[in-house]
Amino acid sequence: MILSQKDSESDFKEVYVCNLDQNVNDAMLMDVFQKIYPSVLQAKIIVNPVTRLSKGYGFLKFKNHEDSLKAIVEMQGKYLLTKPMKLNYAIQKKGEPNMVM
């Protein structure tokens, strides 16, 4: 990803992780990534509010841009339980609240 002049590295500390096994939870995602990237501050799996089952994606919040970039490159396609993860930067759409809480 190429940063434009109006973008700052601080905008690229959150990572979108998808294609997750339904059994992956916040703690598991945090544990897997924090062992490799100590700057991970938070992991959040998005769940269906009614069933409380995972929707198969989540977000990671990093302390620094460098680790978020390394995670996207190094963890792309790595298996977590039964599925290969897909990672990319989480870009907040204008007018939408921040997904990582």
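Helices (H or I, at least four residues) and strands (E, at least two) are taken as DSSP runs and numbered from the N terminus, while the angles, from 0 to 180 degrees between N-to-C directions, refer to axes that are lines fitted to C-alpha atoms, for helices over the stretch in contact.

The model is predicted, and local features need pLDDT of at least 70, side-chain atom pairs count only at pLDDT 80 or more, and totals for chains, interfaces and linings use all residues. Residues are numbered from 1 along each chain as its sequence is written, and side-chain values use heavy atoms, with hydrogens and water left out.

**The sheet**

Strands of a sheet pair through backbone hydrogen bonds, either parallel or antiparallel.

**Aromatic pairs**

Five aromatic pairs are found in a search of the whole structure; rings of Phe, Tyr and Trp (its six-membered ring) pair if their centres lie within 6.5 Å, and planes under 30 degrees apart count as stacked, over 60 as edge-to-face and the rest as tilted. In one of these pairs, tyrosine 16 lies in strand S1 and tyrosine 57 in strand S3, so the contact ties together parts that are 41 residues apart in sequence. Two of the pairs are set out below.

| Pair | Centre to centre | Angle between planes | Class |
|---|---|---|---|
| Tyrosine 16 and tyrosine 57 | 5.8 Å | 50° | tilted |
| Tyrosine 57 and phenylalanine 59 | 6.1 Å | 85° | edge-to-face |

Tyr16, Tyr57 and Phe59 form one aromatic cluster. Phenylalanine 59 is buried, at 8% relative accessible area, whereas tyrosine 16 is partly exposed at 29% and tyrosine 57 is partly exposed at 23%; buried means under 20% relative accessible area, exposed over 50%, and partly exposed in between (1.4 Å probe, protein chains only).

**Salt bridge and loops**

The whole structure holds one salt bridge, defined as a side-chain nitrogen of Lys or Arg within 4 Å of a carboxyl oxygen of Asp or Glu. The side chains involved are those of aspartate 31 and lysine 35, at 3.4 Å from N to O. Because these two residues are four residues apart in helix H1 (residues 26-36), about one helical turn separates aspartate 31 from lysine 35. Aspartate 31 is partly exposed at 39% relative accessibility, and lysine 35 is exposed at 65%.

Most residues other than glycine have a negative phi. Asparagine 19, however, has a positive phi, near 60°, and is placed in the loop between S1 and H1, where asparagine 19 is partly exposed at 26% relative accessible area. Arginine 52 also has a positive phi, near 65°; arginine 52 lies in the loop between S2 and S3 and is exposed at 57% relative accessibility.
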